Amino acid sequence: MLMQIHPMHPMPDAVIDEDAVLVRRAASADVAAFEQLYRRHHRRVYAVIVRLVGQAGARAEDLTQEAFVRAWQALPAFRFESTVATWLHRLAVTTALMELRARRSRPWQDDDTELEQVAATDMVGRAMLGRDLEQAVASLPPRARAVLVLHDVEGWKH
């Protein structure tokens with residue numbers, strides 16, 4: 001049985017079936033099929049990464065690409081125990097959490113760059129979460145922000 005990605009926004013069965021066909025083709029090294037998967041899901045993967053990492057722009061794009069590289073590498077092992085969207089969501093979350101861990105290990109990051117990234121996030125955040133909520137979430141420490149986003153925004157259980 002395929003699981004829906006979110007109870008409030010279930011994916012139509014036709015989308016799930018098309019994704020399954022594309023995954024089978026892409027797992028057989030069909031680059032065009034993988035490109036279709038990317039086009040169908042890259043906005044959602046990008047949005048998850050932005051919400052968790054707290055930065056829009058070039059770094060979030062890089063992390064989105066990294067998540068899709070991992071997807072390409074893992075496609076042959078995909079077992080269809082969940083929807084492709086759910087699987088990609090998990091890859092996005094894992095990629096974002098790895099970025100947060102890496103940030104903790106490099107405290108020398110340039111503050112000016114981080115301020116520019118936060119400013120870009122603010123513009124995206126207004127559209128996604130609303131200005132006040134986004135500012136409150138952005139002010140949280142990275143681990144607290146990840147917990148909040150995963151539970152309240154993404155609907156993950158404790």
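The protein chain has a mean pLDDT of 77, and 65% of its residues reach 70 or more; pLDDT is the predictor's confidence in each residue, from 0 to 100. This is a predicted model, in which local features need pLDDT of at least 70 and side-chain atom pairs count only at pLDDT 80 or more, while totals for chains, interfaces and linings use all residues. Residues are numbered from 1 along each chain as its sequence is written, and side-chain values use heavy atoms, with hydrogens and water left out.

**Confidence along the chain**
- Residues 1-9 stay under 50 in pLDDT, and the model has 21 contacts for them beyond four places in sequence (contact: heavy atoms within 4.5 Å).
- Residues 124-129 also have pLDDT below 50, with eight contacts in the model beyond near neighbours in sequence.

**The largest nonpolar core**
- The largest nonpolar core has 32 residues, of which Phe-34, Leu-37, Val-45, Ile-49, Leu-52, Trp-87 and Leu-88 touch the most other members.
- Helices H1 (13-27), H2 (31-53), H3 (58-74), H4 (84-105) and H7 (142-153) each supply at least two residues of this core (helices: DSSP runs of H or I, at least four residues, numbered from the N terminus).
- H2 provides the largest share, 10 residues.
- A nonpolar core is a set of buried Ala, Val, Leu, Ile, Met, Phe, Trp, Tyr and Cys residues joined through side-chain atoms within 4.5 Å.
- Leaving aside residues up to four places away in sequence, Val-45 touches Thr-64, Ala-67, Phe-68, Leu-88 and Ala-92.

**Gln-55**
- Gln-55 lies in the loop between H2 and H3.
- Gln-55 is buried, with a relative accessible area of 3% (buried: under 20% relative accessible area, 1.4 Å probe, protein chains only).
- The Gln-55 side chain makes a polar contact with the side chain of Arg-103 (2.8 Å); such a contact is a pair of N or O atoms within 3.5 Å, and within protein one must be able to donate a hydrogen and the other to accept it.

Conventions: Buried means under 20% relative accessible area, exposed over 50%, partly exposed in between (1.4 Å probe, protein chains only).
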